[in-house]
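Reader: Please take a close look at one place where two chains meet. Then set that place in its surroundings, one step at a time.

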Number of protein chains: 6
Amino acid sequence: MRLQLSTWQEVDDYLKRTTAIIIPIGSTEQHGPNGFIGTDALCPETLAFGIGEETGALVAPTLSIGMAQHHLGFSGSITLRPTTLIAVVQDVVNSLARHGFDRFFFLNGHGGNIATVTAAFSEIYAETSLRTAGSNRPPLQCKLKNWWDGEGVQAISKELFGKAEGSHATCSEVSLTYFAYPDHVKTAEMHPEIAPTGPIYDADDYRKRFPDGRIGSNPKLASVEAGERLYKAAVRDLSAEWRAFAA
Amino acid sequence: MRLQLSTWQEVDDYLKRTTAIIIPIGSTEQHGPNGFIGTDALCPETLAFGIGEETGALVAPTLSIGMAQHHLGFSGSITLRPTTLIAVVQDVVNSLARHGFDRFFFLNGHGGNIATVTAAFSEIYAETSLRTAGSNRPPLQCKLKNWWDGEGVQAISKELFGKAEGSHATCSEVSLTYFAYPDHVKTAEMHPEIAPTGPIYDADDYRKRFPDGRIGSNPKLASVEAGERLYKAAVRDLSAEWRAFAA
Amino acid sequence: MRLQLSTWQEVDDYLKRTTAIIIPIGSTEQHGPNGFIGTDALCPETLAFGIGEETGALVAPTLSIGMAQHHLGFSGSITLRPTTLIAVVQDVVNSLARHGFDRFFFLNGHGGNIATVTAAFSEIYAETSLRTAGSNRPPLQCKLKNWWDGEGVQAISKELFGKAEGSHATCSEVSLTYFAYPDHVKTAEMHPEIAPTGPIYDADDYRKRFPDGRIGSNPKLASVEAGERLYKAAVRDLSAEWRAFAA
Amino acid sequence: MRLQLSTWQEVDDYLKRTTAIIIPIGSTEQHGPNGFIGTDALCPETLAFGIGEETGALVAPTLSIGMAQHHLGFSGSITLRPTTLIAVVQDVVNSLARHGFDRFFFLNGHGGNIATVTAAFSEIYAETSLRTAGSNRPPLQCKLKNWWDGEGVQAISKELFGKAEGSHATCSEVSLTYFAYPDHVKTAEMHPEIAPTGPIYDADDYRKRFPDGRIGSNPKLASVEAGERLYKAAVRDLSAEWRAFAA
Amino acid sequence: MRLQLSTWQEVDDYLKRTTAIIIPIGSTEQHGPNGFIGTDALCPETLAFGIGEETGALVAPTLSIGMAQHHLGFSGSITLRPTTLIAVVQDVVNSLARHGFDRFFFLNGHGGNIATVTAAFSEIYAETSLRTAGSNRPPLQCKLKNWWDGEGVQAISKELFGKAEGSHATCSEVSLTYFAYPDHVKTAEMHPEIAPTGPIYDADDYRKRFPDGRIGSNPKLASVEAGERLYKAAVRDLSAEWRAFAA
Amino acid sequence: MRLQLSTWQEVDDYLKRTTAIIIPIGSTEQHGPNGFIGTDALCPETLAFGIGEETGALVAPTLSIGMAQHHLGFSGSITLRPTTLIAVVQDVVNSLARHGFDRFFFLNGHGGNIATVTAAFSEIYAETSLRTAGSNRPPLQCKLKNWWDGEGVQAISKELFGKAEGSHATCSEVSLTYFAYPDHVKTAEMHPEIAPTGPIYDADDYRKRFPDGRIGSNPKLASVEAGERLYKAAVRDLSAEWRAFAA
């Protein structure tokens with residue numbers, strides 16, 4: 001059930017059944033020579049719709065822009081500063097809390113979001129702890145779940161890509177977006193085949209260390225077929241997780 | 001050309017042709033008994049893709065959550081505080097400016113965004129005017145364009161809906177989303193047929209004045225067919241506007 | 001009744017009659033070769049005193065500095081960043097709300113303030129809508145009224161200045177300040193007679209487009225006599241507006 | 001020379017002579033049974049105009065609203081939060097610095113502003129010290145001067161009022177405003193004659209300690225004549241101070 | 001070498017040798033019935049001094065207050081909101097960067113700081129990536145290192161405490177503070193022996209889940225002797241880590 | 001009683017006796033050729049422990065980093081921007097207020113903190129005055145006390161150092177830290193013997209006016225013995241002050 005395609009009366013009805021909601025959160029940033037700039041937003045969005053079909057969960061609109069300062073050396077990348085992203089997460093949660101939502105399942109597509117979104121949860125909880133929360137706000141529970149963390153997904157990634165999976169512009173995430181948008185599959189050579197690895201600092205430093213944007217991956221191995229398997233496994237993993245959280 | 005489905009190298013190529021970009025911006029808020037909560041985001045998104053096909057314009061991911069504090073009395077509505085939205089617009093523009101973009105065409109779907117987004121533009125320009133902008137930022141031009149403002153669209157709205165068009169949950173916007181998402185067309189009775197009108201203050205006041213969320217409209221008149229006519233007219237109106245801006 | 005010249009007991013008495021207040025808001029920015037830098041603050045201040053005499057309205061001290069980033073290319077211009085101005089409007093309203101004021105009539109002298117002040121109103125309403133407003137704050141109504149918008153004023157502007165009225169450093173606003181401060185009438189030639197028009201971005205761009213600061217006007221036509229007619233018409237227009245708002 | 005009554009070309013000429021400017025800063029807050037709510041803004045404004053006549057100094061528009069949280073228990077009092085006032089002072093100084101002003105003489109009318117305005121100066125200097133100031137901003141010098149601090153004023157206060165001078169709603173400040181606005185002189189009895197003294201915390205606490213708003217004063221002694229003597233002495237004291245600062 | 005006990009000339013000399021610095025960061029929060037409220041600050045501070053002796057590293061003053069909103073249900077706990085802590089880390093790093101420091105080794109004593117401090121690093125890097133950093137700031141590298149993460153420490157914790165180690169008010173951290181402050185060793189019974197485990201939300205929820213403050217630990221097992229072994233192992237682990245970072 | 005070495009149950013017990021607390025606040029900044037960078041934090045910390053022993057007062061962890069923007073021209077100096085320091089003081093007070101503390105005795109070691117910390121108090125009080133404080137927050141009283149202000153200390157300073165005391169890197173503060181850390185006494189020549197005096201603006205200006213960092217002092221006169229006398233006098237002065245405040 002997509003929030004964007006529902007009426008407010010339908011949301012009223014949903015709230016009689018459950019007060020939990022899925023919020024896909026991603027990023028808009030380079031994903032190497034053959035990955036989409038929207039990869040990190042499209043993955044959780046696609047999966048959230050899948051979980052929604054599987055479980056009846058309500059899916060909020062995707063927060064497509066995340067914390068991606070380190071990617072700004074590559075055209076098309078967009079970042080929110082961490083303090084901006086904290087404010088966004090705060091406002092989204094506080095708006096929904098007014099309607100009675102009290103459990104927020106952030107389905108995340110970007111490792112670079114984890115710290116900031118977790119800090120945002122603390123900023124929100126601190127409103128309760130310091131007694132400055134909106135005067136009728138219920139106790140809230142926020143959860144950040146990376147789509148790739150489940151056992152099913154991990155097993156397929158390992159089986160199909162092994163060491164070439166990498167940590168940015170990974171084979172798995174590129175595959176998943178190819179499955180979701182098969183008309184946009186890209187072809188590109190990788191030099192070297194497997195990208196270098198290293199630490200992450202600012203955007204200038206990043207571009208020097210990782211000249212084509214990838215970290216540790218060879219996404220030439222990505223495919224629609226792999227994406228389909230990953231999609232099914234991820235929907236299964238995450239639906240279970242959601243059911244436990246929303247119960 | 002959708003930014004989310006492009007690689008960074010494709011954006012590099014685009015920047016050789018033009019340094020302008022379309023950024024759809026909307027809202028997530030109730031739209032009465034038969035309108036989608038995502039109406040204000042889905043309209044500019046749908047049209048931006050149309051303009052992109054028509055003109056080759058690059059389309060950034062939609063900013064789906066806007067300034068909608070007055071709708072918080074209805075379930076599912078989400079707002080950013082104005083100061084949060086200003087920070088978001090600032091970060092998006094400054095990120096893209098680093099890559100060489102210098103003209104920003106915000107295609108807007110929500111009247112309630114106009115003041116805040118315009119203030120955000122001033123906040124961005126003030127960085128130049130006070131000399132605190134990023135040290136290599138070029139002069140920037142930001143434009144806010146409401147999708148419904150063009151002559152073609154206005155003529156159709158008037159012809160089809162006349163006084164029943166209204167100003168929130170309008171027949172035209174509901175029609176446009178029905179055209180984009182025909183599987184989700186809703187049926188609902190309207191009481192009264194044409195909703196009341198009045199000023200807008202906070203969410204509690206809004207709910208009292210406008211009990212089912214509509215202002216001045218009778219969106220029962222909305223249809224897929226009307227949506228198709230509006231879509232075509234709007235793409236035509238806006239493509240011309242975009243070409244002039246990006247030239 | 002001027003707030004600055006009243007005691008707190010007199011304000012207590014006023015509050016027994018009405019809980020509305022006028023807050024003049026302007027700007028401090030260049031107004032071309034013969035206009036005062038204070039034009040946009042002096043106009044609403046002068047008129048507010050007039051309305052106060054006419055209707056007994058309480059007039060707060062003028063917020064003399066507004067959002068004028070685009071004028072910073074001309075000496076003496078001062079801006080608040082939009083986020084600063086939002087905070088100022090918030091604090092002023094929240095202070096007065098503590099005393100029981102609940103209707104705020106911002107009499108505005110500067111087009112460049114409209115977006116930011118309107119955004120500030122939403123920031124204030126959002127405190128109610130998100131339940132974070134001061135614990136005993138009543139429902140509030142804020143209104144922004146441009147002094148030049150009334151029928152009486154528009155008719156005189158059109159009659160006296162026609163196309164030479166312009167949109168910055170207008171004949172009407174210069175006339176009104178000449179009427180209020182006849183000892184400071186300035187003489188200056190205009191080249192060209194009618195200033196150019198165009199869009200507004202940052203201060204550097206503005207100075208290039210509008211070399212002497214005016215937009216579209218020929219304020220050489222301004223006079224004390226015109227100012228007097230405009231003053232009387234504006235006080236009449238605005239007193240009616242105020243009475244309706246405060247009722 | 002009043003900035004509000006000057007043109008930008010006149011300010012350009014002024015800047016050839018000196019790069020210093022006077023900025024009157026006050027407050028809008030209760031001043032007991034017979035003092036104006038605007039006392040703290042009207043005093044420095046009146047004196048700044050006097051200094052301007054005496055020395056040719058340029059006088060910016062008065063910042064009429066200051067830090068007055070402790071007075072919010074009395075109707076009509078308005079405060080900026082300290083962080084808001086810091087932002088205002090920062091924006092005013094940075095705007096003027098763009099034009100070449102580099103010495104800022106804040107003529108202060110309110111003890112409660114001292115800490116916050118001094119903190120604002122440090123916030124501004126920190127931009128230089130941390131290298132984040134606007135890229136062409138010169139080194140700046142800000143000075144806060146209380147109008148009542150000079151020897152001449154102190155001697156008159158002591159002579160005329162002695163122990164009844166007090167520290168809020170003082171005989172001297174009430175006299176000075178009576179001199180400036182003789183048509184608005186108020187009559188009120190004082191109970192007790194001399195108000196109590198004590199520490200300052202929040203507004204609720206303040207109202208309990210100081211039931212009619214005064215601290216330590218008996219402003220029934222205030223008079224137009226005393227105001228005139230104070231005015232002349234203050235203009236003399238402050239003109240000397242200004243000349244030394246601007247030299 | 002302690003920054004607090006050095007002169008600025010000694011720091012100048014240090015900068016000729018290395019531009020890295022250790023910044024201990026902790027928290028002020030309850031640590032169960034027998035743990036110090038300062039545990040999380042005292043551990044990294046004590047160890048930083050040890051590393052300093054071992055390697056000559058310069059040690060900044062401890063940031064003793066961290067992100068501890070979830071502990072506010074227990075007396076004496078203090079939190080910074082995440083956004084405040086981000087500002088603090090930013091200011092500390094930017095101040096030191098002005099002197100030429102460019103590598104910042106945050107020695108952390110509190111799991112609850114990790115997200116926020118990592119977000120702060122991104123906020124700092126974003127200044128470079130968006131070109132708004134101080135105009136002469138060098139490229140920076142920030143590292144967060146938890147004191148308990150090294151192999152040596154982990155082995156001892158496992159050997160001595162096994163399952164009773166827990167995750168808050170752990171046997172190891174209590175032991176380490178007992179070693180550092182042997183005169184303050186506390187005696188207290190634990191009911192139950194091993195504390196419950198569970199997720200962390202706001203402070204009210206935390207107190208219900210973890211009634212005496214501990215999570216998963218039995219710190220009755222803590223001892224000065226264990227603390228000494230942990231101290232030595234940690235200094236060894238961390239000195240190696242520091243040397244690699246500072247090289 | 002040191003908060004850092006207490007358990008939460010011990011704080012609960014303390015709160016039954018008194019709801020006041022001492023918070024040492026200092027700075028991390030150059031103190032001339034023979035003064036510690038930590039002088040301004042170490043002085044109030046040392047004295048707070050002394051007062052704690054004398055009176056049983058609870059002592060919070062020292063806020064070691066203050067407002068020191070003007071010292072950034074000297075290596076090792078660290079500043080918080082005023083707005084950051086305000087947020088820190090706010091969070092510390094609001095955290096402790098949740099536990100029932102309502103009187104906050106900030107024992108200050110740095111003149112440069114006075115304005116900002118005083119502004120922070122007003123920011124905190126304004127939450128009460130504007131009704132936005134945490135919903136169960138009691139009325140609060142905050143006091144800033146400079147350690148050197150007492151009669152006993154002043155008499156010794158005058159007797160021992162006279163005109164050579166100065167206002168930054170004073171003989172007294174250097175002596176007090178020498179007494180507290182006798183193993184770290186420094187030797188350095190002073191040229192000239194007594195440092196120059198003057199106003200304080202930004203860090204570049206400061207370094208030009210005060211080339212070795214001192215203002216008006218000759219801290220070569222500092223000694224452990226003088227420090228001991230000052231320590232005893234200060235503990236006596238401040239214990240009396242604390243008792244009056246906490247009563």
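Author: Chain B and chain E bury about 460 Å² between them, and 49% of that lies on carbon and sulfur atoms. Buried area here is the accessible area, taken with a 1.4 Å probe, that two parts lose on being put together, summed over both. The model is a predicted one, where local features need pLDDT of at least 70 and side-chain atom pairs count only at pLDDT 80 or more, while totals for chains, interfaces and linings use all residues. Residues are numbered from 1 along each chain as its sequence is written, chains are lettered from A and ligands numbered from 1 in the order in which they are written, and side-chain values use heavy atoms, with hydrogens and water left out.

Which residues build this contact? Chain B brings six residues and chain E brings five. Contact means heavy atoms within 4.5 Å. On the side of chain B, the most area is lost to chain E by B:Arg98, B:Gly134 and B:Asn136, together 65% of what that side buries.

Now the polar side. Salt bridges between chain B and chain E come to zero. A salt bridge needs a side-chain nitrogen of Lys or Arg within 4 Å of a carboxyl oxygen of Asp or Glu. Polar contact is found for two residue pairs across this interface, both residues at pLDDT 80 or more. By class, the side of chain B that touches chain E holds no nonpolar, five polar and one charged residues. A polar contact is a pair of N or O atoms within 3.5 Å; within protein, one must be able to donate a hydrogen and the other to accept it, and residues adjacent in sequence count only if both atoms are side-chain atoms. For the classes, Ala, Val, Leu, Ile, Met, Phe, Trp, Tyr, Cys and Pro are nonpolar, Asp, Glu, Lys and Arg are charged, and the others, Gly among them, are polar.

How are the two copies related? Copies are superposed by least squares on the C-alpha atoms of residues with pLDDT of at least 70 in both.

Chain B has another partner, chain A. There, 56 residues of chain A contact 56 residues of chain B. The area buried between chain A and chain B is about 4,300 Å², with 59% from carbon and sulfur atoms. Six salt bridges cross this interface. One of them joins the side chains of B:Glu10 and A:Lys186 (2.8 Å, N to O).

On chain A, α1 (8–17), α2 (39–55), α3 (82–99) and α7 (203–209) each supply at least two residues of the side that touches chain B. Of this side, α3(A) gives the most, 10 residues. Its classes are 24 nonpolar, 22 polar and 10 charged residues.

The symmetry here is another matter. Chain A goes onto chain B by a turn of 180° and a shift of 0.0 Å along the axis, with an RMSD of 0.0 Å. That is the relation of a two-fold axis. A:Thr84 comes closest to this axis among the residues of chain A, at 3.4 Å (C-alpha). The copies meet through the same surface, because 100% of the interface residues of chain A are also interface residues in chain B.

Some pairs stay apart. Chain B and chain F do not touch, with nearest C-alpha atoms 17 Å apart. Chain A and chain D do not touch either, and their nearest C-alpha atoms are 17 Å apart.

Last, the chain itself. Chain A has eight helices and three strands. Their order from the N terminus is α-β-α-α-β-α-β-α-α-α-α. Helices (H or I, at least four residues) and strands (E, at least two) are DSSP runs, numbered from the N terminus. A:Arg131 lies in the loop between α4 (114–129) and β3 (141–146) of chain A. Its phi is near 65°, positive in a residue other than glycine. In chain E, the peptide bond from E:His191 to E:Pro192 is cis, with omega near -5°. E:Pro192 sits in the loop between α6 (171–180) and α7 (203–209) of chain E. Most residues other than glycine have a negative phi, and most peptide bonds are trans.
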